[in-house]
Every structure is written in structure tokens, then in C-alpha cells.
Amino acid sequence: MIFSSLVFLFYFLPVVLALYTLAPRRGKNAVLFAASLLFYAWGEPVYVFLMLFSILANYLLGLSIHRALAGGTKTGLNAAEGAETTGHQGTSPAARRRLILACALNLALLGFFKYAGFFIANLNLALGLHIADPDLPLPLGISFYTFQAMSYIIDLYRGKVAVQKSFVAFGTYVALFPQLIAGPIVRFQTIAEELTLRSHSLAGFSQGALRFTAGLGKKVLLANSAGAVFEQAMQSGGAGSGISVLSAWIGVLAFTMQIYFDFSGYSDMAIGLGRMFGFHFPENFNYPYISQSITEFWRRWHITLSSWFREYVYIPLGGNRRGTLLQLRNIAAVWALTGIWHGASWNFLVWGVYFGVLLIAEKLFLLQALQRAPALLRHVYTMFFVIVSWAVFSADDLSGAAAFLASLSGLSGGPLSDGTGLYLLQNHALFFLLLMIGSTPLPRRLWIRVSGGLPQTAAGLVRSAGMAAVLLLSVAYLVSSSYNPFLYFRF
Amino acid sequence: MKKKCDPCAVLPALVFIALIAGISLWNILLPRKDFSEMENRSLAAFPQLSFEQIRSGKWMSEFDDYASDQFLFRDGFMKIKTAADLSLLRQDNGRVYFGKDGYLFPISQIDETQETAALKLVSDFAAKALERDPRLRLSVLLAPTAQSVLSDKLPPHAPVSDEPAALRRAADFLHAAVPGLIFTDPLAQLRSAASAPGGEDPAGEYEDEPADGEGQLYYRTDHHWTTDGAYLAYRQWAQDNGFTPASRDSFQRETVSHSFLGTNQAKAPGYTVLPDPIAVYTPKEPAGPCRITVWKDAADPAEIEIRDSFYDPAFLKTKDQYAYFLGGNDPQMHVETSVKNGRKLLLIKDSYANCMVPFLALHFEEIYITDLRYSHGKLLPAPGDGTGDAAGGVSPAGFTDVMFLYNIESFSSDKNLAYLTQLKLN
């Protein structure tokens with residue numbers, strides 16, 4: 001199920017909210033866990049069992065690591081009981097073996113279901129073999145929930161979090177439907193406490209409802225429409241001849257807007273839903289398109305993914321503590337992994353490496369050079385490389401990415417401009433202007449300035465009216481058009 | 001939940017809950033609708049539950065359709081969407097272009113792979129039919145749609161499918177594959193009529209257009225051509241096929257409706273347009289009675305209806321006013337006219353034919369009309385047709401003419417042409 005659907009908004013959500021409110025405090029996690037399984041099974045009626053297996057395995061391995069750690073302390077006390085932090089730094093070899101087993105299991109599941117087909121296809125190509133492709137569809141959200149489960153296992157071993165002894169609470173953490181299929185990637189330590197003890201208030205629910213509706217509007221009103229422009233632009237070329245340079249740029253700009261509003265809209269919806277149920281999820285996007293360097297861009301884009309890789313790959317590899325050369329290697333490794341995390345295809349790897357190269361260049365000299373450049377130039381530089389990256393990202397495969405880049409640069413032999421490009425340009429000029437303004441903090445600043453002058457009650461009224469308007473307009477769009485793509489099916 | 005008293009802080013929560021709970025309850029209590037008048041299509045019903053349907057995920061996707069189709073104020077919400085598109089100065093809503101002078105143009109694409117398949121099916125069928133009976137007269141009339149004839153009314157640069165190229169491809173392919181076949185492409189005729197003074201391209205605004213729509217070749221609000229448009233194509237087809245077309249003066253033009261809002265309008269609910277008039281051409285000298293047999297259900301040869309007119313005024317009171325012509329699309333029809341020339345036509349068609357059949361009937365003693373989308377290639381003999389088997393097991397025989405009549409968009413996308421392989425001419 002996806003949030004931006006009538007079934008979610010008017011069948012699933014009201015029922016879950018009602019059951020959740022009626023359930024006694026101790027039963028609330030069970031309601032959320034069951035709802036999450038139903039939510040997942042709606043789109044993945046078979047793979048829901050894979051997710052349950054992953055939850056069960058990580059839950060048991062967590063208990064087992066906890067026991068090994070407790071045994072390793074030789075204190076004989078119940079120091080590791082309950083919800084308190086154990087504080088061990090992986091001193092027990094038994095715990096270490098179990099940690100390795102858990103990581104291997106998680107990565108094996110992810111590797112098999114996400115990368116087996118890709119790996120086999122390339123092996124066949126490289127060695128001229130004919131291994132049959134298992135041809136498995138990718139389980140929705142597997143990259144998100146596997147990373148979440150791993151954050152629990154690793155932090156448990158590091159003694160940063162306490163063991164979760166309740167299967168329902170742990171299952172709720174991994175499967176929690178607000179962030180299950182498109183993030184943010186919530187580390188266990190972020191919500192460990194709230195899993196067992198969280199407070200609910202109507203004020204908190206209000207914040208959640210406002211945030212959710214804002215995200216819904218971003219997804220349904222802005223991202224879907226931008227996506228339709230992207231598809232139109234990409235289909236404009238006749239058979240054989242590439243699309244025009246103009247259409248290619250309109251297409252890549254439309255995708256730039258689509259992916260931002262779609263992805264950050266999903267995160268807003270997730271954070272808002274979490275807030276309705278008493279959770280505080282981490283922020284995932286912070287106006288990435290106002291960045292003035294690629295380094296800054298990646299501090300503002302899909303923040304929870306970058307911090308996951310920093311925490312569990314970059315720093316364990318030594319981070320920046322072992323000299324420049326090793327640091328560059330670490331950056332390269334993290335970005336190759338980040339790329340391939342987005343999908344089992346070469347263009348994602350190229351996309352990741354492309355950012356790795358830019359980040360290394362910025363680290364070595366570019367950032368210093370940029371300091372002297374005017375802000376506008378820094379911004380243009382950043383957005384140019386970000387937009388070009390989306391051409392690689394949006395393609396189905398490497399050759400598609402190459403064709404897109406060729407069209408953008410005018411090397412494809414396509415015309416400079418064509419009717420479709422001109423039509424899209426005049427037809428969506430106003431919409432694009434709205435999108436660009438919408439991707440900056442301007443609307444928010446404007447709102448703060450306006451609402452600052454209003455009395456509390458009036459501000460509440462305006463806020464509620466705005467929310468109702470966005471919700472109803474989103475419903476109008478959902479009812480009227482069938483175009484509602486899900487962009488994260490390859491993640 | 002702990003209640004806080006600050007109204008500013010809790011108001012959004014209350015509004016949100018009221019909205020989603022209210023809409024959801026209202027939705028449950030709302031009576032189900034089978035059909036949308038506004039969109040002119042059947043709405044999804046509650047899907048059947050079964051283990052297999054759930055395992056495959058089919059049930060869930062059908063439930064999604066159901067939830068969307070049975071949504072309360074569906075029509076109203078669709079109007080809001082159109083208003084939002086228009087306020088962003090868009091010239092289309094993803095389904096139709098908002099053209100000049102109140103014209104709406106459906107957004108379509110020609111799938112060249114499917115088009116080639118369609119041409120192959122038609123030429124195979126034609127070649128086989130000619131092999132059996134070399135005297136058979138075989139003709140194909142493919143009509144352009146409004147976007148190619150009235151291209152000046154499209155928004156500037158609006159990307160549309162290249163119908164002229166598709167028509168040329170069809171002509172070349174069919175001429176090469178079936179030497180005896182007569183191909184009629186009325187594009188040039190229609191275009192010149194559209195740009196003729198007093199025709200479709202009046203320097204005057206469309207408010208000044210005659211209220212009876214005289215000279216209007218396509219409906220503004222519907223994807224069909226008008227009787228005026230169909231007449232021009234008929235005239236060219238008749239000349240191409242060696243018939244003497246009935247002259248324009250031999251007909252009385254009558255306007256039977258001023259309130260037609262067709263399929264294009266249904267794709268842009270809430271877009272204000274002037275309704276279209278519907279006109280018919282009645283021969284000044286009555287052609288004599290005709291007897292029309294209509295099969296309503298291809299699977300049930302016994303379910304037939306007998307009529308004596310090509311027009312069904314009852315449909316002028318419904319949303320689907322174009323069904324005034326031939327009473328809409330049925331699997332099969334048989335027309336027995338008062339003409340006595342021994343000519344018997346098999347007409348394989350889409351709905352563009354519906355307003356042209358009255359013209360064709362002037363030249364044939366009998367016409368069998370089959371709509372492959374509903375007949376699936378099954379051809380039943382009319383009661384009393386000596387050529388067929390009374391039990392309905394054998395198709396009618398003795399055709400002197402076979403004609404294909406489609407618009408180029410539906411021809412190039414209609415997978416039902418595959419049923420031509422089932423269509424047997426005895």
C-alpha cells in the first residue's frame with residue numbers, strides 16, 4: 001500500500017487510528033505491528049513472510065548477542081537485564097561471532113533478493129556462462145528494513161542500545177508502516193525508548209497531521225504532475241531519433257523536481273504518521289536544492305541513508321582518522337555502496353561513484369576554490385551536477401543513461417528543439433516556477449512571517465483550513481488520475 | 001490521549017480526524033454506482049474474494065479501483081482537478097487538450113507495432129477473401145480524427161500522433177499486399193472543407209458559428225466526426241468505388257439535438273464547453289422502408305431486435321447522444337434496404353461508421369455490420385437469409401462487397417482485429 005492512495009487514506013488509516021486509540025497502552029504496539037503487516041501484505045502478499053522471517057531472525061540473534069555479551073562480563077549480575085544499556089564494547093568473541101552471523105544473514109537476504117539477478121546476468125556476460133536467472137521480483141522496502149534491523153544488531157553489539165526482549169516491540173520497529181517502504185531509515189537507538197514508552201497528545205497529533213498532509217500534497221500535487229511531464233518529455237522522440245535537447249532538459253528538470261517532492265513528500269508523510277502514533281522520526285531532507293556544494297547537498301539529501309553509511313561503513317573503515325589516502329578509499333567505498341543501494345543496476349553504481357568523485361574533489365581542493373566564488377556560482381555548480389546526476393539515476397540501465405546524457409549534450413543527433421519541448425515549456429512554465437520556489441525554504445519563511453503577526457487561534461484556523469484544502473485537493477487528484485507512480489521499487 | 005486545551009494546537013488534529021473519518025464513513029454508507037453518466041463508463045464493483053486473488057495481489061489492485069470509482073463526490077472532485085489544471089494555465093489535463101473555439105482533443109498515441117499487426121490482419125483477411133471470390137469489391141476507409149483535420153485549433157505545438165503518416169503507411173502497406181483493394185483516405189477532403197470559407201475555419205469566433213453546426217466536421221466535445229464530416233468521406237469513398245454518391249442537395253439537413261456533451265468533455269469534467277448540435281441528413285426522396293436486425297449479444301443468436309430506422313431518438317435524452325446513430329455499438333446488425341441491385345456488403349467497423357451507414361445503405365440491398373469488439377468475429381445469418389444455415393451454424397454468404405471503416409486511431413490500437421482470423425466468409 002502507498003500513502004498517497006484512497007485505500008490508505010480512507011480505509012486503512014481511519015481504522016488503524018481508531019483501533020490504536022481504543023487499544024490499551026500495552027496493546028498499542030500489537031495494533032501497529034498487525035497494521036504494518038497488513039500494510040505490507042497489501043503490496044507484497046507473499047514477501048510479507050520474508051519480512052517476518054527477517055524480523056524473527058534478527059530478534060533471536062539480538063537476544064543471543066545480548067546473552068553472549070552478558071556472559072562475557074563475568075560479573076554474574078543482571079546488569080544486562082531489562083531496558084538499560086549494557087555498555088560493552090564487543091569484548092566477547094561469542095558475541096562477535098553472532099554479530100558476524102547476523103550481518104551475514106541480513107546481507108545475504110538483501111544480496112539474494114536484490115542483487116542475485118544482476119550478479120548472475122553480469123557473470124554470464126563476463127564469462128559466457130548460462131546460469132539461469134532466478135528472476136525474483138524485488139521485495140518492497142527490503143533495503144530499508146534490512147538496514148534498520150542491522151542498526152539494531154550492530155548497536156546492540158557495540159553496547160549502544162539495550163536488547164529489545166519483546167518480539168512485538170521489535171517487530172513494530174522493523175515493520176512500522178510509516179517508514180517501511182520509503183524511509184526514513186530510523187536507527188534503533190533513535191526510537192528505542194519510544195518503542196516501549198511514548199506519550200500521545202492531540203497537539204502532537206496536530207503536528208503529525210499537518211506534516212503528513214504537507215507530504216501528501218508534495219507527492220500527489222507536485223511530484224506526480226512533474227513525473228507526468230518527465231514521461232511526456234522522454235517519450236517525445238520518434239523511433240530511432242533521440243529526443244530533442246530542449247525536451248531532454250525539460251525532462252531532467254522535471255525528474256529533478258519529481259524525485260525531490262516525491263521522496264521528501266514520503267518522508268514528510270512518514271514523519272507525520274510517526275508523530276500521530278507518538279514517535280519522533282529523524283528528518284530526512286533539508287532543502288537539498290539550496291545547497292552550495294555537493295558536500296552540502298549530501299548533508300541535506302536522504303540524511304538518514306548517509307548517516308547510516310557513515311555510522312556503519314565509513315567510520316568502521318577508519319573514517320578520516322588514518323590519513324588522507326585511506327580516507328579517500330573510504331569515501332569511494334561508501335559512495336559505490338550508496339550507489340548500488342539504490343538499485344541493482346550499473347547506472348546506480350555509476351551514479352554513486354560520480355558523487356564519490358565529486359566529493360573527493362571537493363575534499364581535496366574544490367571546496368576551497370569554491371569558497372572564493374560568489375554564492376550564485378556555487379549554487380549553479382551544485383545544481384548542474386545534481387541535475388546531471390538525475391539523468392543517470394532516472395534511466396533504466398547504463399545505456400539508457402548514456403542516451404539521456406547524449407540527448408542533454410546535443411550529441412545524440414536529435415534536434416535542438418521540437419514541438420513537444422516547446423509545448424511542455426509553455427504549458428508548464430508556471431508549474432515549474434511553483435516547483436522551484438517550493439523546493440526552497442521561502443514558502444516556510446513566508447508562512448512564519450505571516451503567522452507571526454496572527455493571534456494563536458487565527459493561526460490555528462488558517463493552518464487547519466490550509467491542511468483541509470491540501471487534503472481535499474490531493475483527493476481530487478487521486479480520484480481523477482491514475483498516474484501515481486512509486487519510485488522506490490528498485491531501492 | 002491527553003487533552004490539551006490550547007485550541008490552536010489541537011484544531012488541526014480535530015479537522016484531520018473529522019475529514020478522514022467523515023469521508024470514510026460517508027463512503028461506506030454511499031450507495032454503489034454501476035455506471036458513471038459523466039464519464040460514460042462502467043464503474044468497478046467490489047472484487048470477489050478468493051485466496052488466489054489475494055496471493056497474486058489482484059484482489060488488492062481491484063480494490064484500489066473500486067475505492068477510486070466508488071468515491072463520494074467523484075464527479076465533484078474531478079471538476080476540482082480540472083479547475084486546478086486550468087488555473088495553472090495548462091492547455092491539457094493529461095487526457096484532452098483544451099483547444100481553441102471550445103474544441104477538446106483526446107490525447108492519443110499511435111502504437112506502430114500494433115498498427116503493423118492490424119494492417120497485416122486486414123491484408124491477410126482481404127487476400128484470402130479475394131482468393132475465394134476474385135469479383136469481391138474490397139475497400140478500406142480510414143478516417144483521420146479531429147486533431148489532424150482541425151490542427152489549427154490545437155494548442156500551439158501540442159504533440160499529437162502523426163495521423164497523416166499513419167494513413168500513408170496504411171495505404172502503402174495495403175496497396176502492396178492486396179493489389180485489388182481500394183483504399184480511401186479522406187484527410188485532404190476534410191482538410192480542404194475545414195479551411196473553405198464558411199467551413200470549419202471561420203474567421204469569426206465560434207459564437208458566430210451557425211447554431212445548427214452546419215459545416216462542423218467533428219464534434220467539439222466528442223471524439224467522433226459529425227454527419228457533415230462523414231458525408232464528405234462517404235462521397236469520396238463512393239467515387240473511389242465506382243458508385244455515384246448521393247449529392248448534398250438530395251438531403252434535408254436536420255438538427256436533432258443541441259445539447260450533446262460527448263466523451264472528450266467526459267475526460268475534462270468541469271471544463272465549460274458549449275454543447276454540440278447533432279445533425280442528420282434525411283433523403284428528400286424517401287428511400288423506402290428498411291428492416292434492421294440487431295444482435296444484442298454475440299453469444300446468444302436468439303436475442304435480436306428488429307428496427308425500421310437507423311436512428312434511435314431515445315438516446316438523445318441520455319448522456320451518450322452519439323448512440324442516436326444506429327442505437328450505439330452492437331455486436332452485429334443486418335440491414336435490408338429497398339434498393340434492388342443484388343449488392344450485399346459486409347461492413348467491419350468501429351463507431352465512426354455509425355453515422356455513415358445511412359449513406360452506405362443507399363447503395364446496397366443488404367448490409368451485414370459487424371463490430372469485432374463485441375462480435376469477436378462471429379457472424380450470424382439473418383433470419384430468412386437463404387444463404388445461411390437456419391440453425392445459425394454457418395455464416396451468411398454471397399457478399400459482393402467488403403468494407404473496413406475505422407478511424408485511424410482506433411484502427412491502430414484495436415487488438416480485436418485479431419478476430420478477423422475467425423471471421424469466415426462462405
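A: Let's start with B:Ala302, which sits in the loop linking strand 9 (291-295) and strand 10 (304-307) of chain B. Keep in mind that this is a predicted model. Is B:Ala302 buried or exposed? Count its C-beta neighbours inside 10 Å and you get 8, so B:Ala302 goes down as exposed. The cut-off for that label is 12 or fewer. Now look for B:Pro383: along the chain B:Ala302 and B:Pro383 are 81 residues apart, yet 10.0 Å separates their C-alpha atoms.

Chain B has 426 residues, and 39% of them count as buried. If you box up the C-alpha atoms of chain B along the principal axes, the box comes to roughly 90 × 60 × 40 Å. Sequence separation comes up again here: take the contacts in chain B between residues at least 6 apart in sequence, and 67% of them join residues at least 24 apart.

Next, see where chain B meets chain A. Chain B puts 45 residues into the contact, and chain A puts in 48. Which helices of chain B each supply at least two residues to the side touching chain A? They are helix 1 (7-29), helix 2 (51-55), helix 3 (58-69) and helix 4 (74-87). Helix 1 of chain B gives the most to that side, with 15 residues. Sort the residues on the chain B side by type and you find 27 nonpolar, 7 polar and 11 charged.

Over in chain A, there's a helix pair to look at. Helix 14 (residues 346-371) and helix 15 (residues 375-394) of chain A have axes 10 Å apart and pack at an angle of about 165 degrees. That angle is why helix 14 of chain A counts as roughly antiparallel to helix 15 of chain A; the label applies to angles over 145. The crossing of helix 14 and helix 15 of chain A is right-handed.

Who meets whom in this pair? From helix 14 of chain A come residues including A:Trp351, A:Tyr354, A:Phe355 and A:Leu358, and among those they meet in helix 15 of chain A are A:Arg378, A:Phe385 and A:Phe393. By type, the residues in the contact between helix 14 and helix 15 of chain A split into 9 nonpolar, 2 polar and 1 charged.

Notes
Residues are numbered from 1 along each chain as its sequence is written. Chains are lettered from A and ligands numbered from 1 in the order in which they are written. This is a predicted model: local features need pLDDT of at least 70, side-chain atom pairs count only at pLDDT 80 or more; totals for chains, interfaces and linings use all residues. A residue is buried if 20 or more other C-beta atoms lie within 10 Å of its own, exposed if 12 or fewer, and partly exposed in between; C-beta atoms are placed from the backbone. Two residues are in contact if their C-beta atoms, placed from the backbone, lie within 7 Å. Helices (H or I, at least four residues) and strands (E, at least two) are DSSP runs, numbered from the N terminus. Ala, Val, Leu, Ile, Met, Phe, Trp, Tyr, Cys and Pro count as nonpolar, Asp, Glu, Lys and Arg as charged, and the others, Gly among them, as polar. Axes are lines fitted to C-alpha atoms, for helices over the stretch in contact, and angles run from 0 to 180 degrees between N-to-C directions. Angles under 35 degrees count as roughly parallel, over 145 as roughly antiparallel, 65 to 115 as roughly perpendicular and the rest as oblique. A crossing is left-handed if the near helix is turned anticlockwise from the far one by less than a right angle, and right-handed if clockwise.
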